[in-house]
Amino acid sequence: MRNNQMRKSLIYTLVSCWMASVILTAGFSMKAEAAVPDAEIPVAGMDVALNNYYARTASSSQEDLENPVVGIPAEVPVEEVVSAYENVAVSRCNDYVNVRSMPNTDCEIVGKIYDGCAATILERVDDWYRIESGNVEGYIKAEYFVTGAEAEALVDELAKKIATVNTTTLLVRAAADIESDCLTMVPLGEEFVIMEEENNWAKIEVDASTSGWVSMDYLDVVVEFDVAVSIEEEQAKIAEQEAARRRAEQDRLAYQAAQAAQAEANRAAQEAQAQAQAQAQEGAPEQVAADAPQETVASAVPVDSSNAALREALVSFALQYVGCPYVYGGNSLSRGTDCSGFVKLVYQEFGYGLTRRASLQYFDGRVISLDSIQPGDLIFYPEPYNKNEIGHVALYIGNGQVVHASTPSTGIKISSLNYRTIYGAVSIID
C-alpha cells in the first residue's frame, strides 16, 4: 500500500522515528520526497506527523508551530506524538495468526497476519489488541506482538524501500560517485529494492548478478511493510493462482494436441509416400495415379513453423510461479531457484534439456536478433564488471516483458525486457 507520501530527504532524516508515526494511518507504506518547510501541511495521517516532526527539528523555535493532527490536541508536543511506539505493533509468530472479529477465539476469522507484519493498535481489550493492518481490522492476542522499543528495533530488518526510476535512463555505477564506472543502465518506471544509502546515493539490486549505485535525485522511494491479509484477499489470491494453473494446463493440452495432430499428419504423409513408391515399383501406374492426389493432400498438411502452441504453453507454465522465491542454486520452481535454474526447469517440463549455468545456456540454442524474438525465447544480460560475460538470464513472455528469478528480495517476477542492458537473445525452440 502506498497511501502516505512525503519527500525523500525527509524520510531518511526520520529513520529513528517514522515507524511510530504509522499509528496515525491505516497503511504501512509511504513515499519519500524532499521536504519544503513553507509548503502546505496536510490535515490528517502520517504525512501530518512526519511534516510536523520535520518542521520541529528543522527549526530552532517551536513558536507558532501548529499540530493539525485529527484526534490529537494541538497543545500536545509533536515529539510525544511521533515517539508513541507503544501503539505500533509487529507480529512475532511461527507462521501466521488469525485476526478475529471479536476478542474471542470462537469468533469469526476476518484475516491473517503473518510473522513480521506491522499493525496499528487501535484498542487494548484485556489480553487482546484491536488492530488495523492493510485492509484488515480485528482482534489478535497481544502475546503475538511486540511493541515499543522492541518494535522500533525491527524497523530496519522488516521495512523494505522500493525505488522507482523517474528519468528516461539512469546509470548504475560501481560506487556512490558520479565518476565511478557505469555497470548498466535502467529505464524509466522500473522498480528496484534499495540495499543501502550514502550521501544521496542508493545502492539497488538490479538482479541477482548486478547491484550498484544510483543518484537518489532520479528515484521515487516508497517504504513498505508487510501487512495482514483479509480472508477475501487470500481467497482472491488462491483463485488467481488456480486460474493461472488452469491456463497453463489448457495451454499444455493445446500444445500436446497440436503435437499429436502434426505427428499424425506426418505419419499419414509418410505412409502415402511409401505406398506410392511401392506401387510405382510394382508397375501399377493406374494405381499410382489414383493415389497421387492423396500424397499431395497429405504432404500439404501445414507445419507450424513458429511453434506458437508450444511457446504459449511454455510462457503460461512459467507465469504460474511469479512470486515464488529466489534461491541461489535451488532446483524447485515453487520453493526456490535462481535465474538459470528457473528457465532450465520450465523448459524441462516440455522435454528440453538445458545446461544449468546462464553462461552455458546461451549456447543451448540459436542466437537471434532482438527484432525477431518470440515468447519463450531467452534473453541474456551481461556481468556488471565484464560486458563480454553473461551474468543473468530471463524468459521472454511477449509485449516487451520477461519473467525471471530476479533477486532474493523480489523472487520470480515480471520485468520489462530492457530493465537493464541486454547481452543477447537465443531461441531454444526450432
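User: How many contacts beyond four places in sequence does the model have for residues 287-303?

Analyst: This is a predicted model, and its protein chain averages a pLDDT of 77. Over residues 287-303, pLDDT stays under 50. For that stretch, the number of contacts beyond four places in sequence is 18.

User: Which residues have the most contacts inside the largest nonpolar core?

Analyst: The largest nonpolar core has 33 residues. At least two residues of this core come from each of α8 (308-319), α9 (339-348), β21 (378-382), β22 (390-398) and β23 (401-407). A second, separate core of 25 residues includes Val206, Leu219, Ala394 and Leu417. In the largest core, the residues with the most contacts are Phe342, Val346, Tyr347, Leu378 and Leu395.

User: How many of the ten residues of α9 are buried?

Analyst: The buried residues of α9 include Phe342, Val346 and Tyr347. Beyond its neighbours within four places in sequence, Tyr347 is in contact with residues including Leu314, Leu378 and Leu395. The helix α9 is mostly covered, and its count of buried residues is eight.

User: Why is Val110 classed as partly exposed and not as buried?

Analyst: Val110 lies in strand β5 (residues 109-114). A residue is buried under 20% relative accessible area and exposed over 50%. Val110 is therefore partly exposed, because its relative accessible area is 22%.

User: How far apart in space are Val110 and Ile231, C-alpha to C-alpha?

Analyst: Ile231 is among the residues in contact with Val110, as are Val99, Val136 and Ser230. In sequence, Val110 and Ile231 are 121 residues apart. In space, their C-alpha to C-alpha distance is 5.7 Å.

Methods: Residues numbered from 1 in each chain as written. Predicted model: local features only at pLDDT ≥ 70, side-chain atom pairs only at ≥ 80, totals over all residues. Heavy atoms only, no water. pLDDT = per-residue confidence, 0-100. Contact = heavy atoms within 4.5 Å. Core = buried A, V, L, I, M, F, W, Y, C linked by side-chain atoms within 4.5 Å. Buried < 20%, exposed > 50% of the residue type's maximum accessible area, 1.4 Å probe, protein only. Helix = DSSP H or I, 4+ residues; strand = E, 2+ residues; numbered from the N terminus.
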